[in-house]
Amino acid sequence: MGLVVDEAQHVKNPHSATAKQLRTIGAHARVALTGTPVENNLSELWAILDWTTPGLLGRVGTFRRHYAQAIESGDDPAAAERLSKLVRPFLLRRRKSDPGIAPELPPKTETDRAVSLTAEQAGLYEAVVRETLAEISGADGFARRGLVVKLLTALKQICNHPAQYLKEHSSQEHSSQHRGSQDRGSHGGRLRIAGRSGKLELLDELLDTILAEDASVLIFTQYVQMARLLERHLAARGVSTQFLHGGTPVPQREAMVQRFQDGEVPVFLLSLKAAGTGLNLTRAAHVVHYDRWWNPAVEAQATDRAYRIGQTQPVQVHRLIAEGTIEDRIADMLARKQRLADSVLGSGEAALTELSDAELADLVELRGGAR
């Protein structure tokens with residue numbers, strides 16, 4: 001008996017209930033189908049291949065020492081080629097760009113769009129860097145890693161919009177911790193969204209052009225709160241939107257997809273993780289990544305909601321990046337990761353928690369100031 005598993009990335013954790021149940025099913029041959037064999041680190045590739053071809057890569061600890069650590073750190077570029085040669089006979093990889101795979105697909109253009117921080121964003125950014133680096137310098141172990149992740153998350157939210165970082169909803173709900181900044185962001189008891197974020201200003205410009213062309217667009221963000229702010233802002237501008245996230249019931253999800261495909265709603269806001277797979281949204285000729293994920297494979301899967309078989313229009317992908325911040329340094333890191341051997345993808349923010357204090361300070365330093 002043969003056993004074929006689709007969306008095999010769901011067994012990337014060998015200790016999960018799904019992975020354990022699969023291992024109880026007897027089969028003479030096992031086939032794993034997945035678009036992302038590696039999402040966060042190379043141990044996920046080990047987990048999938050250890051199910052399809054037990055023993056090929058040895059025990060997970062040995063695999064981490066001999067291959068994963070050397071490849072993910074970039075210390076041994078030849079390790080990627082050694083791993084590639086080992087697994088190549090057991091992998092059949094196809095991409096849309098391969099000759100004859102999807103010749104009918106139109107071209108896809110990807111553009112990084114740099115934006116400047118506003119004065120409010122720059123002030124928050126520098127304050128968070130200064131205060132959190134001071135905390136990190138006196139911490140170690142798990143406490144230090146937690147502070148680094150907290151810092152990275154805060155800076156990404158500030159780059160998105162001050163209201164996201166400050167958790168603003170209305171002036172009555174503001175905490176006193178950031179009262180000065182929040183009072184500047186609100187007026188007359190109502191949250192002010194416009195005029196405070198370089199990214200939002202660029203998004204407005206992009207949407208003006210896209211909607212004037214009677215085109216449709218997908219806007220991905222990893223943060224539900226940011227999507228809610230966008231939803232509110234665009235509604236105030238008279239732009240029709242809908243928002244799909246992890247809590248959207250399946251029937252409603254299907255209805256939203258149909259409305260978009262029918263052209264009833266031109267702007268589709270989507271949570272990156274909840275909507276990154278399993279959707280056919282070929283009505284879209286534009287895809288906007290409002291914020292960057294740590295792994296380009298996740299972004300590529302999201303883009304493929306529009307750029308897939310059935311698409312008849314050229315697709316333009318816009319990645320919004322706050323210049324002079326952690327975002328453009330992450331963009332550089334992701335570009336370097338993509339140039340490694342096919343068996344290598346980024347190790348996500350976990351690797352950043354191991355940077356030295358000096359390396360971390362260089363990563364998050366604000367360069368160039370605000371406009």
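# A tour from the inside out

Start by selecting Phe260 and Phe268: both are buried. Here buried means under 20% relative accessible area, exposed means over 50%, and partly exposed covers what lies in between (1.4 Å probe, protein chains only).

Before you click further, note that this is a predicted model, where local features need pLDDT of at least 70 and side-chain atom pairs count only at pLDDT 80 or more, while totals for chains, interfaces and linings use all residues. Residues are numbered from 1 along each chain as its sequence is written, and side-chain values use heavy atoms, with hydrogens and water left out.

**The whole chain**

Switch to cartoon view: the protein chain has 16 helices and 10 strands. These are DSSP runs numbered from the N terminus, with helices being H or I of at least four residues and strands E of at least two. Of the 371 residues in the chain, 48% are buried. Contacts here are heavy atoms within 4.5 Å. Among those joining residues at least 6 apart in sequence, 73% link residues at least 24 apart.

**Into the core**

Next, select Tyr125, Ile219, Ile326 and Val364, the residues with the most contacts inside the largest nonpolar core, which has 51 residues. Such a core is a set of buried Ala, Val, Leu, Ile, Met, Phe, Trp, Tyr and Cys residues joined through side-chain atoms within 4.5 Å. Colour helix H6 (residues 141–160) as well: it supplies eight residues, the largest share of this core.

What does Ile326 touch, leaving aside neighbours within four places in sequence? Show Tyr125, Leu152, Leu155, Trp294, Leu363 and Val364, and you have its contacts. Then hop to a second, separate core of 22 residues, which includes Leu218, Met256, Val287 and Val298.

**Ring pairs**

A pair of aromatic rings is described by the distance of the centres and the angle of the planes. Rings of Phe, Tyr and Trp (its six-membered ring) pair if their centres lie within 6.5 Å; planes under 30 degrees apart are stacked, over 60 edge-to-face, and the rest tilted. That rule gives two aromatic pairs. For one of them, select Phe63 and Tyr67: the centres are 5.8 Å apart and the planes at 35 degrees, so the pair is tilted. These two are four residues apart in helix H3 (residues 60–73), which means about one helical turn separates them. Phe63 is buried at 0% relative accessible area, and Tyr67 counts as buried at 18%.

Now back to Phe260 and Phe268, also a tilted aromatic pair, with 5.4 Å centre to centre and 45 degrees between the planes.

**Salt bridges**

A salt bridge is a side-chain nitrogen of Lys or Arg within 4 Å of a carboxyl oxygen of Asp or Glu, and there are 14 of them by this rule. Pick Arg237 and Asp208, whose side chains meet at 2.6 Å, N to O. Arg237 sits in the loop between helix H10 (224–236) and strand S7 (241–244), while Asp208 is in helix H9, 29 residues apart, so the pair links distant parts of the chain. Arg237 is partly exposed at 35%, as is Asp208 at 43%.

Move on to Arg329 and Asp328, with their closest N and O atoms 3.5 Å apart. Is Arg329 buried or exposed? Arg329 counts as buried, at 10% relative accessibility, whereas Asp328 is partly exposed at 22%. Asp362 and Arg367 make another bridge, at 2.7 Å. Finish this stop with Glu110, Asp112 and Arg319, which are linked in a network of salt bridges.

**Loops to zoom in on**

Select Pro14, in the loop between strand S1 (2–5) and helix H1 (17–23). Its C-alpha lies 8.6 Å from that of Trp51, 37 residues along the chain. Beyond residues up to four places away, Pro14 touches Ala19, Lys20, Arg23, Trp46 and Ala47.

Lys167 is in the loop between helix H7 (162–165) and helix H8 (179–185) and is exposed at 53%. Asp214 lies in the loop between helix H9 (198–212) and strand S6 (217–221) and is exposed at 65%.
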